[in-house]
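Please read the points below with the structure open. They are written for someone who has not looked at it before.

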Amino acid sequence: MENILVLDFGGQYNQLIARRVRECQVYCEVHSSDMPIDEIKKMAPKGIILTGGPNSVYDPASPHADQELFSIGVPILGICYGAQILAYQLGGKVSTAPVSEYGKTETVVDTDIPLFHGWAERSVAWMSHTDYIEKAPEGFTVTGHTSNCPVAAMQDESKGFYAVQFHPEVVHTDEGMKLFRTFVYDICGCKGDWQMGSFIETTVASLREKIGSGKVLLGLSGGVDSSVAAALLSKAVGRQLTCVFVDHGLLRKNEGDEVEAVFGQGGQFDLNFVRVDAAEYFYEKLAGVTEPEQKRKIIGAEFINVFEKEAEKIGEVDFLAQGTIYPDVIESGLGKSATIKSHHNVGGLPEHVNFKEIVEPLRMLFKDEVRQVGLQLGIPEKLVYRQPFPGPGLGIRIIGDITSEKVRIVQDADAIYREEIDKAAEDWKESHNMENPSWMPSQYYAALTNLRSVGVMGDGRTYDYAVALRAVITSDFMTATAAPIPWDILTRAADRIVNEVSGVNRVFYDCTSKPPATIELE
Ligand code: XMP
């Protein structure tokens, strides 16, 4: 299969480069910049991309490319630090820029050359550099500049060397995607023979090779990532895989049964599925605990405890699988720590489970790519598009102490609220023939305040709980605004909740942003 090799010099956006290549339907792998030249030749890439990175090429300790890379006859695209590598190692000059550029920058390019085919002469490109190419190497022509960067792009077409100081992989570069298409199709001669289906095939093949006849254990949370990992592993090694699903009694209404219907006996996947119904155990451990951090810690620690007990029953396993995806890798910092990032969602890596190695088949993918893989593997849409749900579950959506009665209240209220929002969104999409209404939240749920107040129902006085409805719009979950849910939807949900959920006589809507509030209540 044709492939593009991305050599990683430590930049922030390196997997994004790989993703852009995959969007062109071309297979792509990211390897460290010190990948031995013989291995590179063995891979036979159609093209090589050198990524950005935080170093200065003239610092002797900084990573460089093997000089032989420039004579193997494969087109090379250098991006940012990668562009400077090309300049420096081929005899040009790189130095500290008098003015460093950061952010959206008007860039002028030579639209007559193939790399910038179809570009506007002036467009916005994303810059992030303190060094710059002062002088292009011999044989190169300068093909782009900005007001502060004389060599924003250069090429030696005869050798197939192309360099851009800006980052075509980020969305802020207007014409970025065009550049990738031109590079992989016109310059490298790729045909675009790769699809997410091929990711599944190659991953299944490499999982089989790695796992052999070994046993694999996976903690299935019911979330998208661990579900997709389970489906992939089941395709690769079938019943060598055991999925342990710990139901801590703090899941949304019917969620445990939904997960079991997909992955348990009679479901569509061939794997060993163990569901541990530990609700009572968790309620007992949490009885009377009101402090949020303590609740989180108890849920996390007990989750691992229960998981480990099940693992012990299975005995020694060869591989512990995790649904780690690329954003988790970034969040936990690149490098060694990344490989042990727990994707348990709740606790951490189990310490007492005997396993030899970790497998993380989704490590290269972004969330939407994981969803595509999930759909192709036959996981129901409802599960694939599930909104994020915190590991400690409803435990942090019930203010104060947790009881089975409060869990029941919040589960019922939450199911009604989500149903009303989903229904209204569907109606809106149908009547407007559009993707989503502007009020569509990224995450929405009902929580139980620990507050009781007086109400009247029929002719009698009530003294019941107040439910809080939350809905936020966010792209990164670090900051968020309260979603402007139309009033009729809110009041319909509120009416249904007080009528249908016993123990509730009042409903609040949370209008706060994050910051100063957080998305979850605890
Ligand atoms: P906060 O409440 O911090 O939430 O604004 C931000 C996002 O993270 C989710 N969240 C968690 N996810 N384990 C998780 O896997 C947790 O302990 C946890 N706490 C919060 C929350 O649902 C929101 O999407």
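1. D488 is partly exposed, with a relative accessible area of 44%. The model is a predicted one. R492 is also partly exposed, its relative accessible area being 33%. The two side chains form a salt bridge in which the closest N and O atoms are 4.0 Å apart. Both residues belong to helix α15 (residues 487–500), and because they are 4 residues apart there, about one helical turn separates them.

2. Helix α14 (residues 404–432) holds both, 3 residues apart, or about one turn of the helix. R408 has 25% relative accessibility and counts as partly exposed. E405 counts as partly exposed too, at 42%.

3. Are D510 and R470 buried or exposed? Both are buried. Their side chains meet in a salt bridge, with 3.4 Å from N to O. R470 is part of strand β16 (residues 460–473), while D510 sits in the segment after β18 (504–509), so this pair ties together parts that are 40 residues apart in sequence. Over the whole structure, the search finds 38 salt bridges.

4. On the overall layout, the protein is divided into domain 1 (3–187), domain 2 (196–384) and domain 3 (403–510). The centres of domain 2 and domain 3, taken over C-alpha atoms, are separated by 29 Å. Their contact draws 6 residues from domain 2 and 7 residues from domain 3.

5. Between them, domain 2 and domain 3 bury about 520 Å², with 59% of that on carbon and sulfur atoms. Which residues of domain 2 lose the most area to domain 3? They are R252, K253 and Y283, which together make up 79% of what the domain 2 side buries.

6. How many salt bridges are counted between domain 2 and domain 3? The count is 1. K253 forms a salt bridge with D412, the closest N and O atoms lying 3.0 Å apart. Residue pairs in polar contact between domain 2 and domain 3 number 2, with both residues at pLDDT 80 or more. On the side of domain 2 that touches domain 3, the residues divide into 3 nonpolar, 1 polar and 2 charged.

7. Helix α12 (residues 367–376) has E369, V370, R371, V373 and G374 buried. What covers the buried residues of α12? The cover includes α1 (14–23), α5 (196–211), α6 (224–237) and α13 (381–384). Just after α12, G378 adopts a positive phi of about 90°.

8. D156 deserves a separate look. This residue is placed in strand β8 (residues 153–156). D156 has a relative accessible area of 4%, which means that the residue counts as buried. Leaving out residues up to four places away in sequence, D156 touches G139, F140 and F161.

Key. Residues are numbered from 1 along each chain as its sequence is written. This is a predicted model: local features need pLDDT of at least 70, side-chain atom pairs count only at pLDDT 80 or more; totals for chains, interfaces and linings use all residues. Side-chain values use heavy atoms; hydrogens and water are left out. Domain bounds come from an automatic or database domain assignment. Contact means heavy atoms within 4.5 Å. Buried area is the accessible area (1.4 Å probe) that two parts lose on being put together, summed over both. A polar contact is a pair of N or O atoms within 3.5 Å; within protein, one must be able to donate a hydrogen and the other to accept it, and residues adjacent in sequence count only if both atoms are side-chain atoms. Ala, Val, Leu, Ile, Met, Phe, Trp, Tyr, Cys and Pro count as nonpolar, Asp, Glu, Lys and Arg as charged, and the others, Gly among them, as polar. Helices (H or I, at least four residues) and strands (E, at least two) are DSSP runs, numbered from the N terminus. Buried means under 20% relative accessible area, exposed over 50%, partly exposed in between (1.4 Å probe, protein chains only).
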